[in-house]
Amino acid sequence: EQIDVAPTTDFYDQFFDIPDDIHFFELKKRLSWFALDSYLLGFEFSIELADSIKDLAENNPELFEHIKFGAIVYSMQDDYNYKKRSSLSAISNLEWFVAVAKCSETMKANILQLHKRIQEKFFYEGQDATYYHFRSVHTNRLFEVHKDSVELNPKQLIEGEMASFAVLPWQGEWWLSGMFMGMGKQPTSAINEMKKDISSISFYAYSEADQAATWEVVNE
């Protein structure tokens, strides 16, 4: 009897209705809710994130003297939006999301591509009307980052200077997601030291040709 009188909502019908022309940051807002606030993943990921923030604050208090707390948290959330796998069958937020979303197969493929998020250090090499041009410090790959994904102060953009941030593929273009941190002009010795550390380089930071060559070797 209670089913007949229970209140209903069209929230989920609207929330998971993903049109092909959805703006990236509207999609990201929904992905963040699904990862951190939904009953499927929120109970796990939100606790994990809170513990990670606490550990970071306790072990690296000097970090928060130079960077706004909110910016760091915003950037850390991206790990749960795109990368982390849940204890529920080791399925990621993206995989869960496309399983319940009402959208085209093309949009589902675009959403799943977001796991190719690249956290890297880049050299700034200029801009055109649509893109900022950044070159990976480790792989030398040039990334054209869509200007709609970030608002940068001209003082942050001096050719030859470095910055640290993350990019991800969105509908065939690279978008910045998370925190942008300018690093200024770095001496050659410091750059050489950075290049030696290859432990955290994303596979997707390499050119598509290099990725294909690597897959060929693996398959052999």
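The protein chain has 10 helices and six strands; helices (H or I, at least four residues) and strands (E, at least two) are DSSP runs, numbered from the N terminus. This is a predicted model, in which local features need pLDDT of at least 70, side-chain atom pairs count only at pLDDT 80 or more, and totals for chains, interfaces and linings use all residues. Residues are numbered from 1 along each chain as its sequence is written, and side-chain values use heavy atoms, with hydrogens and water left out.

Taken along the principal axes, the C-alpha atoms of the protein chain fill a box of roughly 75 × 45 × 40 Å. Of the 220 residues in the chain, 40% are buried. Buried means under 20% relative accessible area, exposed over 50%, and partly exposed in between (1.4 Å probe, protein chains only).

Now helix α3, residues 24–36. Its 13 residues, at 1.5 Å a residue, should span 18 Å, and the end C-alpha atoms are 18 Å apart, so the two agree. The expected span is 1.5 Å times one less than the number of residues. Among the buried residues of α3 are F24, L27, K28 and L31.

Next, the surface. E48, D51, D55 and E58 gather in a patch of negative charge. Patches take residues with over 30% relative accessible area and no salt bridge, joining like charges within 9 Å and nonpolar side chains (Val, Leu, Ile, Met, Phe, Trp, Tyr) within 5 Å. A salt bridge is a side-chain nitrogen of Lys or Arg within 4 Å of a carboxyl oxygen of Asp or Glu. D51 lies in helix α4, residues 42–59, and counts as partly exposed because its relative accessible area is 43%.

Terms used
Areas by Shrake-Rupley, 256 points an atom, 1.4 Å probe, with all protein chains shown as cover. Lys, Arg positive; Asp, Glu negative; His and termini not counted. Charge placed at Lys NZ, Arg CZ, Asp CG, Glu CD.
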